[in-house]
Amino acid sequence: MNGFSPDWLALRETYDLAARNAQVLDTVANAFLGQAAISVVDLACGAGATLRAVGPHLPPRQSWRLVDNSLSLLARAFAPEHPPYVNVTTTPLDLARDLELALDGPLDLVTTSALLDLVSPEWLDRLVVEVAARRLPFYAALTYDDELVAGFNLHQRTDKGFGPALGPSAAARAAERFQRFGYALVQGRSDWVFGPDDRTIQDALFTGWAELGPLTTGLSADEIAGWLAQRRVHLAAGRSRLRVGHVDIFAQSIGTR
Ligand SMILES: C[S@@+](CC[C@H](N)C(=O)[O-])C[C@H]1O[C@@H](n2cnc3c(N)ncnc32)[C@H](O)[C@@H]1O
């Protein structure tokens, strides 16, 4: 399971939905209260999780432009049944190159989930400039924000196609940049909290971290294998709990609404 595989995105979707910060999501919903229709672009939509999570909180007539560079994920995002009055189009784009194209045309809201920690500072700044130039509201959920797992954080900063990635500093940088452009910010935590019964997702995370271990830690292959075996013993015994930090932000231009 890699970070963008359909299986991984499907596994994390329930946890992401539960983790979304309710106050931030309420603020998004309130920003469009009383509006009959809304046009949204979701950047790096994956299999469409943001539409499924946020759609129920928005005005009933919705038009969603789902953007990703993975054709197979876009096909999944388009395939499921959408409620009546929800119009979905999929746009295959490399956002590292063609971000501006994704934001073309009439829009009311820009959303993204689990993206900002993957991008470089330069790309994030470009995103903020492009969104602010259009005075659009911006909702970014589930940005990884954990200082605890140092090795994983090192991996978080490796290049994911957008230049060396920001990792855990992404949400703070986005908030600060939007404020400079006269945006009001609402932010809140959206941590994953896994209990002993959440074995599959914990196992997937531990396996992924162990695979990255040679790159991200000074540990030998044997030490990493030992660490993974120990984590699995705890999982099997129902003794494994894990918290992974995330942040949600909603940025809205002051005075536009
Ligand atoms: C961690 S996933 C999040 C997917 C989705 N937003 C969600 O919350 O389930 C990151 C997404 O970024 C997309 N992505 C990565 N690099 C991209 C690029 N250069 N252009 C467009 N999409 C990209 C991946 O295909 C993947 O769908």
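The chain is divided into domain 1, covering 6-193 + 245-253, and domain 2, covering 199-236, with bounds that come from an automatic or database domain assignment. Taken over C-alpha atoms, the centres of the two domains are separated by 29 Å. This is a predicted model, in which local features need pLDDT of at least 70 and side-chain atom pairs count only at pLDDT 80 or more, while totals for chains, interfaces and linings use all residues. Residues are numbered from 1 along each chain as its sequence is written, and side-chain values use heavy atoms, with hydrogens and water left out.

The ligand is surrounded by 19 residues, each having a heavy atom within 4 Å of it, and the closest are Ala44, Asp68, Asp94, Leu95 and Ser113. Polar contacts are pairs of N or O atoms within 3.5 Å. A nitrogen atom of the ligand lies 2.9 Å from a polar backbone atom of Ser113, a ligand nitrogen is 3.3 Å from a polar backbone atom of Asn69, and a backbone N or O atom of Gly46 is 3.4 Å from a ligand oxygen. Taken alone, the ligand exposes 600 Å², of which the protein buries 96%, the areas coming from the Shrake-Rupley method with a 1.4 Å probe.

Turning to another part of the chain, Pro214 belongs to helix H9, residues 199-216, where a helix is a DSSP run (H or I) of at least four residues, numbered from the N terminus. Pro214 is exposed, with a relative accessible area of 59%, exposed meaning over 50% with a 1.4 Å probe and protein chains only. The C-alpha atoms of Pro214 and Ile224, ten residues apart along the chain, are separated by 8.0 Å.

How values were computed
Helix = DSSP H or I, 4+ residues; strand = E, 2+ residues; numbered from the N terminus. Buried < 20%, exposed > 50% of the residue type's maximum accessible area, 1.4 Å probe, protein only. Polar contact = N/O pair within 3.5 Å; in protein donor to acceptor, adjacent residues only side chain to side chain.
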